[in-house]
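Trainee: I have a model open on my screen and would like to learn how to read it. Could you walk me through it, feature by feature?

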Amino acid sequence: MHGGIGATPGMQSFVACASVAIVGALALLGSRPVLAAYEVVTVTNGGTVDGVVTLSGTAPNAVPIKVTKNQDYCGGGLENVLVYLKDIAKGKAAPTEPLALVNEHCMFSPRVQGAMVGGSVKISSNDTVLHNTHPQNAETNATIYNIALPFKGFSVTKPLPGNPGLIKVKCDAHEWMHAWIMELEHPYYTTTGADGHFTIKDVPPGTYTLVAWHEAAGEKSEPVVVAAGQTAKSKITLAAK
Ligand SMILES: [Cu+2]
């Protein structure tokens, strides 16, 4: 070191203290929404991303309930793919309605959906049997909450976690019941329908990364260029695993 800005022992301890202070501050913030990365602006003459997600190869075996259906669509459209734009910094406002997650015929509906941080989810049951809705952080398996749904017509609205991430939802009473919520910092997400089709609207013109995620077929991303008032066509093929 030639003097100047070398890291002296004093500085190291200062840096260490600063780190502790930052960690402490983050801990104090707790589960507050982290929205700094996204700015809501009025989107005029936005573009559209429209496309289809297909599956190549043999349908995944990891999703017992859906295998039959996926086999029907093998080589065709893939349902329940979460499609979203990555790293979009500004655009349309958050959805105002809570998500819906319905326990119906001993399945979750919808099975896969996106969400924006700061949002909430209305969990309800249309069944006469006891369900419980148990969302977990998909990475750590940490329980977010665990809601018993004792009777038909019961519902409760709960806030979503304050940070983006993938949420795995299960029912502890019925081990086949699973749902997925992909929580993002922005509202540019959608889920493919039975034909694999998706549309994302009101996108400010620009170049983005389009991501397609499926619980069994994994994830794929590709660049997409959105021009004002235009529709960018996309075709994403996920490979069966
Ligand atoms: Cu259940």
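Predicted model: local features only at pLDDT ≥ 70, side-chain atom pairs only at ≥ 80, totals over all residues.

**Reading the sheets, the core and the confidence**

Mentor: Strands (E, at least two residues) and helices (H or I, at least four) are DSSP runs, numbered from the N terminus. Two strands pair if DSSP finds at least two bridges between them.

Trainee: How many bridges join strand S2 to S15, and in which sense do they run?

Mentor: Five bridges join S2 (residues 47-56) to S15, and the two run antiparallel. To find the pairing on screen, look for Val49, which stands opposite Ile200 in S15.

Trainee: How many helices and strands does the protein have?

Mentor: There are two helices and 18 strands. Five of the strands form another open sheet, again with mixed pairing, in the order S7-S13-S12-S9-S10. Its edge strands are strand S7 (112-116) and strand S10 (147-149), each pairing on one side only. Ignoring direction, neighbouring strands of this sheet are turned by 25° against each other on average.

Trainee: How do I walk across that sheet, strand by strand?

Mentor: Start at S7, which pairs with strand S13 (residues 174-184) in the parallel sense over five bridges. Gly114 stands opposite Met182 in S13. Next, strand S12 (residues 165-171) pairs with S13 in the antiparallel sense over seven bridges. S12 and S13 form a hairpin with two residues between them, and Cys171 stands opposite His174 in S13. Further along this pairing, Val169 has Ala179 in S13 as its bridge partner.

Trainee: Which residues touch the most other members of the largest nonpolar core?

Mentor: In soluble globular proteins, nonpolar side chains tend to be buried together. A nonpolar core here is a set of buried Ala, Val, Leu, Ile, Met, Phe, Trp, Tyr and Cys residues joined through C-beta atoms within 7 Å. A residue is buried if 20 or more other C-beta atoms lie within 10 Å of its own, exposed if 12 or fewer, and partly exposed in between, with C-beta atoms placed from the backbone. The largest core has 45 residues, of which Val53, Val83, Tyr84, Leu85, Ile181, Met182 and Ala212 touch the most other members. S13 gives the most to this core, with six residues. Across the protein's 241 residues, 30% count as buried.

Trainee: What does Tyr84 touch?

Mentor: Two residues are in contact if their C-beta atoms, placed from the backbone, lie within 7 Å. Not counting residues up to four places away in sequence, Tyr84 touches Gly114, Met182, Leu184, Tyr188, Tyr189 and Val211. Among contacts in the protein between residues at least 6 apart in sequence, 69% join residues at least 24 apart.

Trainee: Is Ala194 buried, exposed or partly exposed, and where does Ala194 lie?

Mentor: Ala194 lies in the loop between strand S14 (189-191) and S15. Ala194 counts as partly exposed because it has 13 C-beta neighbours inside 10 Å.

Trainee: What is the mean pLDDT of the protein?

Mentor: pLDDT is the predictor's confidence in each residue, from 0 to 100. The mean is 84, and 77% of the residues reach 70 or more. Over residues 1-35 the pLDDT is below 50, and this stretch has 14 contacts in the model beyond near neighbours in sequence. Residues 64-69 also have pLDDT below 50, with five such contacts.

Note on methods. Residues numbered from 1 in each chain as written. Axes fitted to C-alpha atoms, helices over the stretch in contact; angles between N-to-C directions.
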